[in-house]
Amino acid sequence: MFDPDVLIDQLGGLDFLNAIHARDLEKGKDYVSFLLPANIRNKNHIKIIYDFGMDLYVMEFYDYEDGTLQERIEDVYFDMLQGIVNEVAGIPVVDGYSVS
């Protein structure tokens, strides 16, 4: 069974989400999504979906302005979540947390 709070903890918890200035956190039956401040890569709406069959995650990055899917990454293990958010959204990282 999927627990969105476990996914948030695997991502780095609320401390990580606050550090990257995430907002509008949404928890669904098989996903967590949130918005980031505008960034140059236009990947500021992130949706992380739990794949029950594979016991892995799928990460989708959207442009918040027009809703277009910018990138989709499949077969993501829990320990890859934070690094992928930082890399794809272009967020600089120091000691595991972003800096603004």
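Glu74 is partly exposed, with a relative accessible area of 46%. I begin with this residue in what is a predicted model, and I shall follow its contacts from there.

The side chain of Glu74 forms a salt bridge with that of Arg72, at 3.0 Å from N to O. Arg72 also meets the side chain of Glu60 in a salt bridge, here at 2.2 Å, N to O. This second pair links distant parts of the chain, with Arg72 in strand S5 and Glu60 in strand S4, 12 residues apart. How exposed or buried are its other two members? Arg72 counts as partly exposed because its relative accessible area is 41%. Glu60, at 8%, is buried, since the cut-off for that class is under 20%.

S4 covers residues 56-62 and S5 residues 69-76; the two run antiparallel and are joined by five bridges. Within that pairing, Glu60 stands opposite Arg72. The hairpin has six residues between the strands, and Gly67 takes a positive phi near 75 degrees.

The structure holds five salt bridges. Another of them joins the side chains of Arg23 and Asp24, at 3.8 Å from N to O. Arg23 is partly exposed, at 40% relative accessible area, whereas Asp24 is exposed, at 52%.

I turn now to the aromatic residues. How many aromatic pairs does a search of the whole structure find? The search finds three. One of these, Tyr50 with Phe52, is edge-to-face, with 4.8 Å centre to centre and 85 degrees between the planes. Tyr50 counts as buried, at 15% relative accessibility, while Phe52, at 47%, counts as partly exposed.

Finally, the helices. Helix H1, residues 4-11, contains Asp9, which counts as exposed because its relative accessibility is 57%. Asp9 and Phe78 are 69 residues apart in sequence, yet their C-alpha atoms are 9.7 Å apart in space. In helix H3, residues 81-89, the buried residues are Leu81, Ile84, Val85, Asn86, Val88 and Ala89. An α-helix has 3.6 residues a turn, so residues three or four places apart point the same way. Just after H3, Gly90 takes a positive phi of about 75 degrees.

Conventions:
Residues are numbered from 1 along each chain as its sequence is written. This is a predicted model: local features need pLDDT of at least 70, side-chain atom pairs count only at pLDDT 80 or more; totals for chains, interfaces and linings use all residues. Side-chain values use heavy atoms; hydrogens and water are left out. Helices (H or I, at least four residues) and strands (E, at least two) are DSSP runs, numbered from the N terminus. Buried means under 20% relative accessible area, exposed over 50%, partly exposed in between (1.4 Å probe, protein chains only). Two strands pair if DSSP finds at least two bridges between them. Rings of Phe, Tyr and Trp (its six-membered ring) pair if their centres lie within 6.5 Å; planes under 30 degrees apart count as stacked, over 60 as edge-to-face and the rest as tilted. A salt bridge is a side-chain nitrogen of Lys or Arg within 4 Å of a carboxyl oxygen of Asp or Glu.
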